[in-house]
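Please keep the sequence and the model at hand while reading.

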There are 2 protein chains.
Amino acid sequence: MNVNGRGTAVTDRAGLEVLAREECLQLLAEAPIGRIVFTDHALPAVQPVNFAMLGTDIIIRTSPESKLAQAIRDTVVAFEVDDYDVETRTGWSVAVVGIGRAVDDPEELALLESLPLQPWAPGPKPHFIRIMTDIVSGRRIPKKS
Amino acid sequence: MNVNGRGTAVTDRAGLEVLAREECLQLLAEAPIGRIVFTDHALPAVQPVNFAMLGTDIIIRTSPESKLAQAIRDTVVAFEVDDYDVETRTGWSVAVVGIGRAVDDPEELALLESLPLQPWAPGPKPHFIRIMTDIVSGRRIPKKS
């Protein structure tokens, strides 16, 4: 938890708990699915993907012909993970904004291919996209007391 | 399921099942949480929200001071819902692209206030955003046979 000088949770003006970068990165590392936000033919687009972390970078596999691969070439993208509980109406989300780039370097590709990252979607996905977590923000809806 | 002339599921070139608009709207109506995608200070932004449907429109409540309310004024936005199962590595997603607008008309506001839509986040949320489902697309990762 992100705490202030008085040892209590930091909240934003909407009353949501503000998560520290370290906690956000931890939640990212544990999430099975994230949603990548990009621009497709000048319109906003969003697509769920499974992913892996390499250090603080987000790694996605796709096919070279995919919309995603074609749209993301040294582009600023957003990436989001969340989890929520319908019963208690609580949840958290982490959003990343950073440069996404297609990986072309053979040495880097070899490294990424060694990651435990098997796409859920069918078909070969030899193409890697790497997103830097330049801006990371997280919020949590606290349990009602 | 969206079926072709041979009675089998329509798939895209990645091998994902293509969901028909009607099924997408049904999945939207059943989802407790969606993610709205917009532009915040020229950067892509994504935020989970609970929502209601009014006919085929998506209705969101927020506070007038929120980033969301300030960013969405007759703007094209995206909206996404999904569900997935980690065990079977299956899931579906529905993405909407449409005009989002702040609701100012008193009669329309009265109608929206009558919806069963109580924000999960704390604090008053008297501000309504209405998103038209102009473009709707859905995909499902089928169970491995």
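Residues are numbered from 1 along each chain as its sequence is written, while chains are lettered from A and ligands numbered from 1 in the order in which they are written. Because the model is predicted, local features need pLDDT of at least 70 and side-chain atom pairs count only at pLDDT 80 or more, whereas totals for chains, interfaces and linings use all residues; side-chain values use heavy atoms, with hydrogens and water left out.

## The interface

Chain B gives 37 residues to the contact and chain A gives 37 residues, where contact means heavy atoms within 4.5 Å. The two chains bury about 2,900 Å² between them, with 68% of it on carbon and sulfur atoms. This buried area is the accessible area (1.4 Å probe) that two parts lose on being put together, summed over both.

Four salt bridges are found across the interface of chain B and chain A, each being a side-chain nitrogen of Lys or Arg within 4 Å of a carboxyl oxygen of Asp or Glu. Arg35(A) forms a salt bridge with Asp82(B), and their closest N and O atoms are 2.6 Å apart.

On the side of chain B that touches chain A, the elements giving two or more residues are strands S2 (33-40), S3 (43-50), S6 (75-85), S7 (90-102) and S9 (135-141) of chain B. S6(B) supplies the largest share of that side, seven residues. By class, the side of chain B that touches chain A has 22 nonpolar, six polar and nine charged residues. In this classification Ala, Val, Leu, Ile, Met, Phe, Trp, Tyr, Cys and Pro are nonpolar, Asp, Glu, Lys and Arg are charged, and the others, Gly among them, are polar.

## The fold of chain A

Chain A has three helices and nine strands, which run β-α-β-β-β-β-α-β-β-α-β-β from the N terminus on. Helices (H or I, at least four residues) and strands (E, at least two) are DSSP runs, numbered from the N terminus. The C-alpha trace of chain A spans about 50 × 30 × 25 Å along its principal axes.

Of the 145 residues in chain A, 48% are buried; buried means under 20% relative accessible area, exposed over 50%, and partly exposed in between (1.4 Å probe, protein chains only). Among contacts in chain A between residues at least 6 apart in sequence, 66% join residues at least 24 apart.

## Helix H1

Helix H1 (residues 21-30) of chain A has Glu23(A), Cys24(A), Leu25(A), Leu27(A) and Leu28(A) as its buried residues. These residues pack against strands S1 (17-19), S4 (52-54), S5 (57-62), S6 (75-85) and S7 (90-102), and against S9, of chain A.

Thr133(A) lies in the loop between strand S8 (127-132) and strand S9 (135-141) of chain A, and is buried, with a relative accessible area of 5%. A polar atom of its side chain lies 2.6 Å from the backbone oxygen of Thr56(A). Leaving out residues up to four places away in sequence, Thr133(A) touches several residues, including Arg21(A), Leu25(A) and Leu28(A).

Asp40(A), in strand S2 (residues 33-40) of chain A, is also buried, with a relative accessible area of 17%. Ile135(B), in strand S9 of chain B, is partly exposed, with a relative accessible area of 45%. Beyond its neighbours within four places in sequence, Ile135(B) is in contact with Leu43(A), Ala95(B), Val96(B) and Val97(B).

Key: A polar contact is a pair of N or O atoms within 3.5 Å; within protein, one must be able to donate a hydrogen and the other to accept it, and residues adjacent in sequence count only if both atoms are side-chain atoms.
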